[in-house]
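Please look over the sequence and the model before reading on.

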Amino acid sequence: MRAIAMVLIGLAVGGATSGCSSVAMGVGGSNMGVGVGVALPASSRAEVQALAQRINRHRVAIGCRALIWDDRLAAVARRHSEDMARRHFFDHTNPDGRDPFDRLEAAGIHYRAAAENIAYGRTRGRDTYDDWIESPGHRRNMENCEYTHFGIGRYERQWTLDLVRYRD
């Protein structure tokens, strides 16, 4: 049996913080998960799309609205996944001290609520989803009906999910 190292961290800041697994703040495109000027291989796009579909199917099943795909969020998520891989770290906060909320604001994304899930070690979207849904902090982020938009970025075996509710 082959063992795969799987590491998960969920971030959601604001109303409630749950330890180190979740942080949240406040209470569909064709190139899913693509950063600016980056073309993903078809297999990566398919895996990102599979993860997005699973997240939305689950949300609808529990009574939330499906999230709306946002290319800008996907670009922020993709850049973070790539940054983690290239600089060999695994955290919501990069070595420069920028957290998800800093990255969203730098991209001109003005939100009322935001959260981020990250994962490392999986090649398939369905496996990443299964791991997140089994983790209370990650699950809480995905099941929070307040969020309306999302983007997923994948680079190698790093995954980032950014969720927001935009300011009205």
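## Second largest pocket

A pocket here is an open set of grid points with protein on both sides within 12 Å along at least five of seven lines, and its lining residues have an atom within 4 Å of a point. The model is predicted. Its second largest pocket has a volume of about 160 Å³.

The lining consists of Val-76, Arg-79, His-80, Asp-83, Asn-94, Arg-98, Arg-103, Ala-106 and Ala-107. By class, 4 are charged, 3 nonpolar and 2 polar. Two helices, H2 (71-87) and H3 (100-106), supply at least two lining residues each. H2 gives the most, with 4 residues.

## A buried histidine

His-138 sits in helix H5, which covers residues 136-143. Its relative accessible area is 1%. Buried means under 20%, so His-138 counts as buried. The His-138 side chain makes a polar contact of 2.5 Å with the side chain of Ser-135.

## Positive phi outside glycine

His-88 is not a glycine, yet its phi is positive, about 55°. His-88 belongs to the loop between H2 and H3. The residue is exposed, with a relative accessible area of 72%.

Glu-156 is not a glycine either, and has a positive phi of about 55°. Its loop runs between strand S5 (149-155) and strand S6 (158-166). Relative accessibility is 52% for Glu-156. The cut-off for exposed is over 50%, so Glu-156 counts as exposed.

Key. Residues numbered from 1 in each chain as written. Predicted model: local features only at pLDDT ≥ 70, side-chain atom pairs only at ≥ 80, totals over all residues. Heavy atoms only, no water. 1 Å grid on protein atoms, 1.4 Å probe; cavity = no way out; pocket = protein on both sides within 12 Å on 5 of 7 lines; lining within 4 Å. Points joined across faces, edges and corners; volume = space filled by probe spheres on them. Nonpolar A, V, L, I, M, F, W, Y, C, P; charged D, E, K, R; others polar. Buried < 20%, exposed > 50% of the residue type's maximum accessible area, 1.4 Å probe, protein only. Polar contact = N/O pair within 3.5 Å; in protein donor to acceptor, adjacent residues only side chain to side chain.
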